[in-house]
Amino acid sequence: MDKIENKSTEKKPSLNFLEQIVENDLKNGINDGRLLTRFPPEPNGYLHIGHAKSICLNFGLAEKYGGKTNLRFDDTNPTKESTEYVNAIMEDVRWLGFQWQEPVLYASDYFDKLYELAVYLIKKSKAYVCHMSAEEISTGRGTPQTPGKESAWRNTSVEQNLREFEKMRIGEYKEGERVLRAKIDMASPNMWMRDPVMYRIMFAHHHRTDNKWCIYPMYDWAHGQSDYIEGITHSICTLEFVPHRQLYDWFLENLDIKGTRPRQYEFARLNLTYTVMSKRKLLQLVEEKYVDGWDDPRMPTVSGLRRRGYTPASIRTFADRVGVAKRENMIDVSLLEFCIREDLNKNAPRAMVVLNPVKLIIDNYPENQQEKLPAIINPEDAESKKRMVPFSREIYIEREDFMEDPPKKFFRLAPGAEVRLKYAYIIRCDSVIKDEQGNTSEIHCTYFPDTKSGMQSNRKVKGTLHWVNIDTAVEIEVKLYDRLFSVPEPENVDEGQDFKDFINADSLKMVKGYGEPFINEFFPGKGFQFERLGYFSADKESAPGNLIFNRTVTLRDSWAKENRG
RNA sequence: UGACCGAUGGUGUAACGGUAGCACUACAGUUUUUGGAGCUGUCUGUCCAGGUUCGAAUCCUGGUCGGUCAACCA
């Protein structure tokens, strides 16, 4: 090779700690160079942006290093799980743009196998059926500072345990009367090693196995063994499972497994400012009707973000930018907003919509004349086509774009001031008509025909306004969303306070608006920019003749900032 | 008062014993028929104390601070 290596300019791609582990394993031929990750949601709720981070991590790692990813539902607690959630989760993963290795898997697929493995442990005298109540077990476990006490049933014979376990399975005991426990170490400094429960009795209908079982495996027992059964190489979970890793490894070791030995690795979950991320709290917001369902556009759920107008690409970029590490973090929601603006700025068609209209009359424009003015659909896109925008004597502009007595740097319309109407003409405000309450009801202007958009003109103005021709205006409904909470960390409030005390009362405002005819072409699932206002997305309930838009995010607004400060 | 995990600008995240970089935020300039976008720039950082070393964000020791762990939840 005569290629010259230039070390000083060569930049090593920076890898997160999981990528480093995977690269090393691959390089060292661990698992025969195989990479198989998994995304293991419990179908007891909807996916949120934190799960999206985990999805991007697991699927992303496999994509990057030529591996595969399983989608496995961790459905070991039938009282909390349902197919509604299963379906919603599959839809979200697909929508994010990831493909799992077929078929979809379930921990419940392995209930028979798990039972056999439990019997194996009993035979090795590594598991036993305990008769103590939940409370007794809990107190018997001791505290992190003091060792626990051994169960009276810890040393019963293998034969008796086998019989007891069988009786648990066939339903001879009531819920809570028996439990299968691993026999490990009641004095371990790790609470999870103090004879953890492997099976409990639940006479519950399971969404997949119906009433076949009345004993169900606990997470720690089911999860690692499912990983092993599937041949998972890297089992990636969040930090709270760090203490479980010792147990994860203990089960695998004592099962004398052959073949791929899965390894558990932990990373820090995502936290976002101005929202909550715990499933319990999200469920509470839904059930207590603070929001309109799991896919309410204010929710940090994947379905909520989708309805809000976020794109899969923006969420994947976001997941990329937040990074992966082991320290607790709190991501500023403005990073998420940046990611969607960045995407939509490049890709969203533009249209003019007025949300708080005031009538403007161009006195010197002929009464019965209408023009169709060409306007670029997306100035950021070199290939962009044009749309035609109707213009005539009477138009709407935003009330905020006019001030009778403006401050110094107000570049918009005011008596005697001149502005450009985007894609149209420069106008000058001549007079104002007010109603009985003193509110401006009509603004009268003069236009300058030689300033038509595209023409060379010496007249210069500081401001450009969007507008909508009244004759042809399309009436629409618009939902203006803001952050759901008024404090950056609603999950971290003082004692005696509840996260719900900090719900932002103004997180949703509904207004009527008027749009140019082009917005009739807007459909749900696609993002648009209403010029100078923000990005909007047609709601799923939007239909021709009844257009409803959700505001995804505003444009940055340095004028509003200056005004405030 | 135990065990485990962690600590780099306002927020995240790199640097793997050799120039503390990148992104977001904030601010400033430039540009603009979106007060948007773009472009340019600025501010702000290695938790503390010792040690090893020619050299420490990085290795060692001790502290401090934060998080996690006592469900028949996952």
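Predicted model: local features only at pLDDT ≥ 70, side-chain atom pairs only at ≥ 80, totals over all residues.
Residues are numbered from 1 along each chain as its sequence is written, chains are lettered from A and ligands numbered from 1 in the order in which they are written, and side-chain values use heavy atoms, with hydrogens and water left out.

Chain A is assigned domain 1 (34–267), domain 2 (279–349 + 476–563) and domain 3 (355–466); such bounds come from an automatic or database domain assignment. The centres of domain 2 and domain 3, taken over C-alpha atoms, are separated by 30 Å. To the contact between them, domain 2 contributes 20 residues and domain 3 contributes 21 residues, contact meaning heavy atoms within 4.5 Å.

Secondary structure elements are DSSP runs numbered from the N terminus, with helices (H or I) of at least four residues and strands (E) of at least two. Two strands are taken to pair if DSSP finds at least two bridges between them. An open sheet with mixed pairing is formed by 7 strands in the order 10-23-24-25-21-22-11. Its edges are strand 10 (350–351) and strand 11 (353–354), each of which pairs on one side only. Strand 11 is joined to strand 22 (residues 508–515) in the antiparallel sense over 2 bridges, and valine 353 lies opposite glycine 515 of strand 22. Helix 12 (residues 333–347) packs on this sheet, where it touches strand 10, strand 24 (534–538) and strand 25 (548–554). The direction of helix 12 makes about 115° with that of strand 25; axes are lines fitted to C-alpha atoms, for helices over the stretch in contact, and angles run from 0 to 180 degrees between N-to-C directions.

A further open sheet consists of 4 strands in the order 4-5-6-7, paired antiparallel. Strand 4 (127–130) and strand 7 (215–217) each have a single partner strand, so one side of each is left without a neighbour in the sheet. On average, neighbouring strands of this sheet are turned by 20° against each other, direction ignored. Strands 6 and 7 run antiparallel and are joined by 3 bridges; tyrosine 199 has proline 217 of strand 7 as its bridge partner. Helix 6 (residues 158–169) packs on the sheet and touches strand 4, strand 5 (179–182), strand 6 and strand 7, its direction making about 60° with that of strand 4.

Two backbone features occur in loops. The peptide bond from glutamate 102 to proline 103 is cis, with omega near -5°, and proline 103 belongs to the loop between helix 3 (83–95) and strand 3 (105–106). Aspartate 32, although not a glycine, has a positive phi of about 55°; this residue is found in the loop between helix 1 (17–27) and strand 1.

Grid points are joined across faces, edges and corners, and a volume is the space filled by probe spheres set on the points. The count comes to 1 cavity of 30 Å³ or more. The largest cavity has a volume of about 40 Å³ and is lined by Tyr219, Asp220, His223, His244, Leu247, Tyr248 and Gln264. Helix 7 (219–230) and helix 8 (245–254) each give two or more residues to this lining.

The second largest pocket has a volume of about 1,200 Å³. Among its 42 lining residues, Glu42, Tyr219, Thr238, Glu240 and Phe241 are the closest to its centre.

Technical notes:
1 Å grid on protein atoms, 1.4 Å probe; cavity = no way out; pocket = protein on both sides within 12 Å on 5 of 7 lines; lining within 4 Å.
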